[in-house]
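Hi there,

Here is the structure I promised to pass on to you. Please have a look at it first, and then read my notes below.

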Amino acid sequence: MLMFQTHAYDSWLSPAWRGSKQLMYSQLLGTFPAPLFLFLAGFAVALGIDRMESKGASQTQVAMNFVKRGGEIFGIAMLFRLQQWAMGFGWSPWTDLLRVDVLNTIGLSLAMAALVPLAARTLWPRVAISLSVASLLALLTPPLWTTWKPDFLPWWLASYINGGHTDYTPRGWFFPIFPWTGFVFVGVAAGLIVMRARSRDREGRVILLLAAIGGAAALLSRWIDHLPGQFYQVYNYWLTSPNFFLARCGLLLMILAACYGWCRLKPGKWWSPVEQLGSTSLLVYWVHIELVYGRLSILPKKACSFTVASWGLVAIIVLMTFLSWLRMNYAISKFWAKGHS
């Protein structure tokens, strides 16, 4: 839902609203969807490791499972780019086929996360490897985006390093490995810790501890940012800084705790639109892009007031929730009919 509002206001607001506080707050909220997607992908890796190893899978089998899954997601990402280019045929350049979108990075990151179960057998070495990789990716981001231009590589490959495109100039709205894959490895570390805590009936206390660590990390990030002098030749807190990466990781841990608390309090019989959308996140991501940015946009692009764009956002949420419900109920009905035929 954060993603919906980010894309809706970005696509539909007229030039008169481009400098408004409403758009500024929307863009601020827009810094969360991609880290959330990637963090949850990493958390799912930890769940997968726990599940497969409990069934007797070897380290190699676990690692290959994530390499395979990463390849599948990357293939879906390329199909998505092809569909977007085809729908925009005539004004969309062929180079858009090779843009680095969040799905591309999720696919590559899942494959890279296979390093964790392959390199270590026990919890804390795995957590240490995950956090070390995440830290390295964040620390290398500023120079890779600014002073170490990777123009010795083909532009489409360099895009995965600094989010550049045909001119090698980084774009803040692309999703290169540096630093975005780091959120996946943080998710792996958090998931491994939570799964160990669950096995020992300490899940709630450990998640609260992670939230406290997350809050401290967010405060530490701002404190470091205000220290005199900077380590990097070019420093941008909101775009490439490891400090901003640290703050977002801290907030992700706090959001994790809030979600856990809500799930513990919410009666199971309550229907949740958030859970509904989450059950088909790839589908609603794919479809809403065309309804917001594509030729099938439900409102005229860059021509709406904030009020009109907000009503359009409500329509997108309702439509995507209904699509998700339809997809899940059709699939369940089909499965039920097959099982009882």
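On a 1 Å grid over the protein atoms alone, a cavity is a set of points where a 1.4 Å probe fits but cannot get out, while a pocket is an open set with protein on both sides within 12 Å along at least five of seven lines; lining residues have an atom within 4 Å of a point. Points are joined across faces, edges and corners, and a volume is the space filled by probe spheres set on them.

Please keep in mind that this is a predicted model, where local features need pLDDT of at least 70 and side-chain atom pairs count only at pLDDT 80 or more, whereas totals for chains, interfaces and linings use all residues. Residues are numbered from 1 along each chain as its sequence is written, and side-chain values use heavy atoms, leaving out hydrogens and water.

The largest cavity has a volume of about 40 Å³. Its lining consists of A138, P179, L239, T240, S241, P242, F244, F245 and R248. Helix α11 gives the most to this lining, with four residues; helices (H or I, at least four residues) are DSSP runs, numbered from the N terminus.

The largest pocket has a volume of about 1800 Å³. It is lined by 48 residues, of which L36, F37, L40, G278 and S281 are the closest to its centre. The largest share of the lining, 12 residues, comes from α3. The second largest pocket has a volume of about 1400 Å³. Of its 45 lining residues, H7, D10, W173, F175 and Y293 are the closest to the centre.

Finally, α3 also packs against another helix. The axes of α3 (residues 33-54) and α5 (residues 102-112) come within 10 Å and cross at roughly 25 degrees; axes are lines fitted to C-alpha atoms over the stretch in contact, with angles from 0 to 180 degrees between N-to-C directions. That makes α3 roughly parallel to α5, a term for angles under 35 degrees. The contact (heavy atoms within 4.5 Å) is made by A34, F37, L38, A41 and V45 of α3 and V102, T105, I106, S109 and L110 of α5.

Enjoy exploring!

Best wishes

How values were computed
Helices (H or I, at least four residues) and strands (E, at least two) are DSSP runs, numbered from the N terminus. Angles under 35 degrees count as roughly parallel, over 145 as roughly antiparallel, 65 to 115 as roughly perpendicular and the rest as oblique.
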